[in-house]
Each structure stands twice: as structure tokens, then as C-alpha cells.
Amino acid sequence: MKPHNEVVVFLQSLYKDSALLMPEWVLCITFLGLFVADLWFKKQRIWLLWSLFAGGLVATMIVTILQFNSCSCQFEQFFFAKMLYLDTFGVFFKLFLVGATLLTAFLIPLSPTFRAKENFFRGEYFYLIVAVLIGAYLVAMAQHLLMFYLALELISIASYLLVGFNFDKKSAEGSLKYILFGAFSSAMMLYGMSLLYGLTGTLQVGEPQWITTIFKTPTLLHYLALSFFAAGILFKLAAFPFHFWTPDIYESAPSPVVAFFSVVPKAAVLAFVFRWASWFPSGQLEWVYAVGFIAVATMLVGNLAAFWQDNIKRLLAYSSIGQAGFLLAMVLVGKDFNLSSLLFYLISYSIANFLAFALVDIFAHFFGQQNEMPYAIENYKGIGTVKGLESVAFLLAMLSLAGIPPLVGFSAKLLLYSTLWENYHLLASQWILWILFLSVFLSLVALFYYLKVPYQTFFLPNTSAIPLERPSTFYDVYAKVLVLILSLALLVLFFAPNIIMAAIQQIKLG
Amino acid sequence: MDSYILSLLIFLPLTAVFFVILLPQKWASSSKYITLVTMSIELLLSGVLYVGFDTQITTLQAVTRLPWIDLEMGSLGALQINYYVGIDGINIGLVLLSGIILWVGSVASWNIAHHQKGYFALYLLMSSSVIGCFVAFDFFLFYLFFEFMLLPMYFLIGIWGGEKSGYASIKFLIYTLAGSLAILIVIIMLYLSVVDLPQTALRAGILQQSNTTLSENQKITLLRQINTQTIDPKHIVHSFDIRQMMQKENYLLYASLHPNQNPLIFSGFSLREVAFLLLLIGFLVKLPAVPLHTWLPDAHVEAPTPISVVLAGILLKIGGYGIIRFAYCIFPTEALSFGNLVAGLGVLSILYGAMNALAMTDLKKMIAYSSVSHMGFVLVGIASATQEGVNGALFQMFSHGLLSSMLFLLAGVIYDRTHDRTIAHYSGLFSQMPYYTTFVMIAFFASLGLPGFSGFIGEFFVLLGGFRSIHIQTYWSVWAVIGIVLGAVYFLWTLQKMFFGKFWTKESTTNAPLLEDINTREWVLLLFLSVLTLALGIFPTWFFSSSAQGVIQFLEILGTSSAP
């Protein structure tokens, strides 16, 4: 009877553990609700679907906050047969992920297709985003390679579909490219995982001992295995050398989806990577060299290539590659202040990025009426006098990404440099000092391309015919309010960074 | 003295920005009145501040120190940023100068025709951050103003400037931002090395109340705890306060910027030397010194007249001020050891600037290079580290502020009338514009160092300090004298070519009736500045009395006050 007992105990533990998955349950219910509602409602009820979507996200957010509060005073634990791990660290990342998704939800009504009510009436758009979010939630908690792979694939598959949502030739091409790249890197990662399993005999990576085990195996072999494994992670991060897909995909996918991609999967994967960083014994410099090299290469590629772009979405794609490099530079060492800076940087980057993509869509709608290429930068010529608020907001978003005070991006950059300096001090490795100098230098380079659009809007005279003043619609007011709120957030968080930092400080790093 | 005046100086223009922005479009032209009124109040306030300044004491005056950002960073400790402003002998003159120049600039902006709201909003933003730069005693606060100033300037040059203003403004932005990023690195090194002892004591429980000061015993206990790392790292409060950065005891013993630690990195330079050089580079870009000056002529040529006035009159001074206040005060030993480098760069700027000015065909470019040349004296004065030299450097900054504004106003006068600034296209202007020529003569002679005007006093004291200094070689001063001679050459030459002789202008340039003499508004500005430069030239003690104590304290920090 013993085996039977074990199964019962196991099932009981699963049942008990499922209470810990409350936020994920809420997301699943949202997913199903949207699925059913999509079949039920008339195609014109797009706002209803949207409200259901946003409502589900808000509910998830609330449940996640509750989980964060209970976590910070009670427990950190493995659950679901040691597949997942629950602690303040993971829950904070989840909170960030759902926050970013909620922002995406607010961006969706601005996209030209939503406004035109053509080609859009598909509930899939909403519930695929929810699916990505579920995947991201699981990645942030994953402690088991199988779980990690499944969650990552959930993100990937939903993403492939989302990229194609403009339903034109370009979008289809982008989607296909994405699938090919994605499948390739997934396969590489899977191969890496199988090697890792062969080397260590376990898929359970959720313990610091695992790191020591892996370093006892033959050097060349475990380097090979880890590099293959890294492929999948770097693909999601859009980091060198797996960044090639980014510009094409960003150009062809709908802007809200792009904004979502530039934040959510990256943050989820970073959570996983950071846990590794915090397990590495601080004397072990292999991690610093490997991550440092990728960070530097990613920064260089992103920031240097961005300058030559003449399409705003491609420019933002390269910018996000560059920013991923900066983010990776904070994962060099797994200290608690690295985590604080990383999260602060992520939040600051996301707000600015979402604002930028919201504006890209607002302007695209504005230009789109007589323009074949609504995303070309030259469209922005002299638009500052016509759309003053939006142009200033664009400037603010770009300056925040470039890290100019008094915007929150500057605080984030300050924390990034401080962290690198402190890490240099900690490890006494000149390599980190060079990364610091390089990242400072690249922020200067970055200013060149971040000012490309403001240069067009404010410095050049308007040449194309400006559409006649239309009566402002609901969408215009909505756009203005959203832009105003996000711009103010950039300013306010500079003057009062404690609003975010106080929450980050509650994270206890296991 | 009432301490709120400084905050008023900073926040008044900021408040005015909102009024300008909220102005309905049909009243856009009244934004210049708002600006003028604001700037007049600023001028008045800075005057009140100057008159009320106690010249006998060395302590900081009109101080406001309020906690602003207090960021917990886990085991890194906390990061404390204060709103900390005040004045002493070093910056009081510069605050007054900003009051004067910004007022002059606002009057000179009267003719701005398009996008008035935007122009004046940016002008006010810039004014606020310029003054903030001079009075901030918290490095973060300073940096905030320092970097924020670039953006309004970028747009003011780029949008309201000449044909190639896009290029000029981005060049200005990139150069200055490169400099300020160098400063940012040093700020990060510094604040992570420096501890705010009273705040740390408060967190560690050694002090109970925030308003009490640390007793000697408590301080010793605390320092022992910090330096043996027995204190909880969360309790350590890192400080951006530059007064604390100047004291050795506030440095963490294990920090690499500690004056006693000083590990060697980068082929023989110690980290403190690297930090000093980075600060120096950051401020030299702003000053600007050769070879980091190339943004200046472009920016000046493309900028509208009032922006040139402000740029030359007050923005360049931030470079000199920053070297004195930050680079020298925080790294005194390193600064003295690099004395010859600083003086050498100063002399290079003097000579190279003067030679370039000689070769320029564009009047505004000639004046821009003369600025480079004159600001070189500031470097020589600072590097001499003597009482005469540093006083002279401060005086030179004040005097050059007045004179360069005047020169750019004068260049603007001719440009307004003919849209041509080529020196060779004019001759004998005296017969057409006698008053204009008179003011040009005053400005030129004052700039080339004619005794009786302020320019002479500044350069004279700098050279006096330079010849007596034991920290720099004497030949630097000799070369600087040659620079004065070159200065006389290009000013007199230009005067002779443009204003004397038979009246002639290039036909394509203009026809004679357009060349009206200066109008009332220009009269007021030029007379105001001429009287000031003359008064300072005759009674230099007006300035020196306020700067004396500040300079004595500065030399004490450098450890050179005992020198005769």
C-alpha cells in the first residue's frame, strides 16, 4: 500500500500548493473568460472585451500584491514538487510584470487598428497577451529546467501569434521570422538542458549547490552546455548574439505588443538570471566575465546600430537592445543593491518605453491618414508646433531613456553606475571598471539617436501638409490623458524615487 | 541674512515658467513682460543678497539645508541627497553676475519674434538652473542644475539660432554632456566613499535626536565602528554634501578615494588623481579651454544675440567656478600637483584663442575666440593658488561676464541691421554710427586690458599671482603677458578696419540708410554694462571685499595660505 500512500500525499501536497498559485489562477480564469466572451459577444463590443481584459489584470495585480504582503512576513518555499519557488523576489517581479501588462492594456486602444475597428475584432489579441503573462509569471518562479522550458515556450508560442496581429504581409513575414529564430534558439536551449542534465543528473537548478556541482564537471563540457542553455535566455532578452530578430519583429508587430515584448519577457528572464547570479560564489569570476562580455556586446550593438535607423520602431528596437545591455550589466554580481538597481532601472525603462510606444501609435494615427509609412522618422518634421504636448512628451521619454535629469531615467543610470562601481570595489576586477566607463560613454552616444525625433519635431520646419484640425474624439482625449500621466510619472519618480525604492527594499534575497 | 532669498532666486523663474506656458496663445507676446519682470526681481534680489553679504566672516551664509531624497540601497547603505544652498566669498560675485547678465539677456530678447512662449519658458528654465548651479552645496543638486541647463540651451540655440544651428546645438550638447558624464563618474566615486557622520550616528542609534551634534567621543566610537566594519552596512549614510567631501575623516577607510589609501591604477595615476582629472576635464569643456573649446565658436555664431550674451556672460563661468569649488576643494593635494598642467592649459587657451581671434573674419567668431583667450586667465589664476591669483581669477570671471556680454550685444547690433557680421565688409562705421562706435571702443579697450576698466584689474592680479606662485612655473605668466599683447592686436585691428577710415560697406551687405545708430533699449543695456565695468575698474575693492574671505578659506583648504 505504500506507493499508493505516496501518491496520495503527493496529490495532497499539490492540492495544498495550488493555493499558492492564486495570481496564476486568476490569470487563467481571465484567459478562459476572454475566450468565451470572444465567442459570445458581437464583434463590435470591442471595449467590453478590453474591460474584461483590463479587469482581469487588475484582479491579478491585487492578488499578487496580497501575495507579496503575505510573502514578506511569512514564507519562502518550494512548491509543486520543487518546480516553483515562492519568495518576495519572485513575487515582486510578478508584480512588475502584471503592472507592465496593465500598461500594455492602456496602450491597446491607441493602436491604429483598434481605432479603425478593422481587422481587430479578435479576442485572441487579448488572451494571447494573458497567456504570455502566465508564462512570464511561471518563469519568474521557475526552479526546475523543465518548468522553465515550458513556461518559456508558453511565452514564445503566444508571442509568435501576437507578432502577426497586423494581418498584413509585413506582419506575417515578421511572425515567420520570429518563429524560425525562436525555434532555433529553443532547440539550442533544449540541447543545453539535456547536456546539463547529463552532467549533473538533476533538472533541479533551484539550489546554490547545483552551481558547485556543475563546476566540478569537465570544464569544456559544462561551458558548452551552459552556452547552449544561454541561447534561449539571450533570445528572450534580445541580447547579443541573439538580437537579430528584434528590429524586424518590432517593425512589423503592433506597437502595444512591441512595448509589451520589450519589457515583460525580458523582465521574467532577468528574474531567472538574477537568481543564478546571486548563487555564484563572489570569488567566481567566470560569471562576471561571461555576463560582462554579453552585456558589453549588447550595449555596443544596440547603441551603435540605433543611430542609423530612419524608422522610429526600428530605432526603439535597437534602443531596447542597448538597454538590455545596461540591464545585464547589473546582473554581474548578485548583491542586494544590484537587485535594487536592476528593478529600479527596469521600472524606469518600462515607463519611458511605454510612453514612447504610446506616442509612436498616436503619431502614426496622426500621419497615417495620408502617409504610406507612418513610422518613418522624417514624418516628425516640424510637428512640434502642431502637437505640442505629444512632442514634449516624446522628448521626455527619449531623455529619460538617455538618462538626463530631471527624469527618472537619470536616477536609474546613477544607480547603475553606482552599482558597477561598488561591484568593481567588491571584486577588484578592472573588467567591471571598463564596463562602467563603456556604459557611461555609450549613454553619450545614445543621446545622439534619442534626440533624432525631437530634432525633427522641434528644429526642422514642417514640409508635409498637416491634416486639418478635426474635432477631438474620445480617443484624442484618452491619448492626451495617458501621455500626461506617463510623462508626469517620469518626472515625479525622479523627485521622489522612494515611491518605488521603498517597495523594492522589502524584498528579501534568499 | 534671510536664507529664503536663495531659494526665491532659484524658484521664482521656475514659477514664472508655468505662467508663461499657461498663457493663452493670443497673449503670447506678453510672455516677454513676465520674463522681464521676473528677471528684474532676480536682479534686485541678487543685489540685496550682495549688499547683505557679511564680508568679514568665512562661514557659509544664507544657508538652507533640507533633506530631499533618502534612498535605501540595502547593504550599500543609504544615499542622502540634500537641498543644500548657500553663499560664500567664492560664489557671491557670480550670483550677482547671473542676476545682471540674465536681466540683460531678457531685455536683449525683446525682438524675438516667433514661438515667444517657448523661447521665454526655456529662458526662464535656464535662468533658474544657472543660479542653482552657483549656490548648490550638494553635488547631486549641483549636477542636476548643471545638466538640466543643457537642454534649454540646446533648444534656445537650435530653434532660434542661425542656419546651421542644428549642428551647433548638438555639438554644444554632446561636448558638454561628455564633460558632465566625466563629472558624474567622479560624483559616484565620491558619494560612495563619503559618509554623513551625523546621519549615520542617528541610524546606528549613537545619536538620539536629529538636531544634536556629535560629541568627540561619539564621533570616535562611530568612526571606529565604521572603519572596522562592525556597523550594520544598512546604517551607513552616503553623502553628496561637498563640505563633507572636503574632510578626510568622512571618507570610509576602505574606500579607494580615501586620501591615505590611493591605490595606483591606470599606469601610475592614483585614483584620486584620475578623479581630479575627470572633474577638471568636465569643467574645462564648459570653461572652455583649448583643446576642448571647439563647440564655443559654433554655438556663438549660430545662437541668437541674447543667448550668446548669456552663454558667454554666465555659462562659461560655471566651468571656472566648478574648478575652484569642486575640483580644487575636494582634491587639494592632487590639484596642486597638477598646477602646471592647469596653468599650461590656461596659457594655451590664452595664446591659441588670441591667435584664432586674429584670424577670424566673422565678428562674432572673433569675440568667441577672445572669450576663450580671456577665460584662460582664470585657469592661470586658479593654478597659481595665491591670494592675488585666485582673487584675480574670480574678478576676471566677473569682469569677463560684463565685457563679453557687451561685446556680443554690440555684435548683435550690427547683425540686426545688416545680417552680416563679416569684419571686412565694413569700414568707417564711426561716421554713420558714432554712439555705437563709442560703445565698441569702450568694450574693446576694456577687454584688451586698458587700466581704468575692469579687464585690466583681473588680468593684472592673475599675473601678479602667477609670478609669485611657487606652484606653477614663472614662464607660464610670461607667456600669458604675450597673450595680452595679442589681445590688443586683434581688438585694435578690428576697430581700425571696421570703424575708422572712410565709410564703406560691401554693396551686397546693405545700403546706408539701414545703418541706424543704437536705439534706446540698446543704449540702456550698453550704458549699464559700461558703467559697471568702469566702476569696477576704478573701485575693484567693491568686488575684492566680498571675495577676500572666501579666497582665504579656499587657500586654507589647499594648504597654501601660509605662503606670503
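**Reading strands and helices in a predicted model**

Ile69(B) stands opposite Ile81(B) in strand E2(B); the model is predicted.

Q: How do E1(B) and E2(B) pair, and over how many bridges?

A: In a regular strand the side chains alternate between the two faces of the sheet. Here strand E1 (residues 61-72) of chain B pairs with E2(B) in the antiparallel sense, over nine bridges. The hairpin of E1(B) and E2(B) has five residues between the strands, and Gly74(B) there takes a positive phi near 60 degrees.

Q: Which way does E3(B) run relative to E2(B)?

A: Strand E3 (residues 237-239) of chain B runs parallel to E2(B), joined by three bridges. The bridge partner of Leu79(B) in E3(B) is His238(B). E2(B), residues 78-87, is mostly covered, with eight of its ten residues buried.

Q: How are H15(A) and H16(A) oriented to each other?

A: Two packed helices are described by the angle between their axes and the distance between the axes. For H15(A) and helix H16 (residues 336-368) of chain A, the angle is about 180 degrees and the axes are 11 Å apart. An angle over 145 degrees counts as roughly antiparallel, so H15(A) and H16(A) are roughly antiparallel to each other. The contact residues include Leu316(A) and Phe326(A) of H15(A), and Tyr349(A) and Phe357(A) of H16(A). The residues of this contact divide into eleven nonpolar, three polar and one charged.

Q: What covers the buried residues of H11(A)?

A: Helix H11 (residues 245-252) of chain A has seven of its eight residues buried, among them Trp245(A), Ile249(A) and Tyr250(A). The cover includes helices H7, H8, H12 and H15 of chain A.

Definitions and conventions: Residues are numbered from 1 along each chain as its sequence is written. Chains are lettered from A and ligands numbered from 1 in the order in which they are written. This is a predicted model: local features need pLDDT of at least 70, side-chain atom pairs count only at pLDDT 80 or more; totals for chains, interfaces and linings use all residues. A residue is buried if 20 or more other C-beta atoms lie within 10 Å of its own, exposed if 12 or fewer, and partly exposed in between; C-beta atoms are placed from the backbone. Helices (H or I, at least four residues) and strands (E, at least two) are DSSP runs, numbered from the N terminus. Two strands pair if DSSP finds at least two bridges between them. Two residues are in contact if their C-beta atoms, placed from the backbone, lie within 7 Å. Axes are lines fitted to C-alpha atoms, for helices over the stretch in contact, and angles run from 0 to 180 degrees between N-to-C directions. Angles under 35 degrees count as roughly parallel, over 145 as roughly antiparallel, 65 to 115 as roughly perpendicular and the rest as oblique. Ala, Val, Leu, Ile, Met, Phe, Trp, Tyr, Cys and Pro count as nonpolar, Asp, Glu, Lys and Arg as charged, and the others, Gly among them, as polar.
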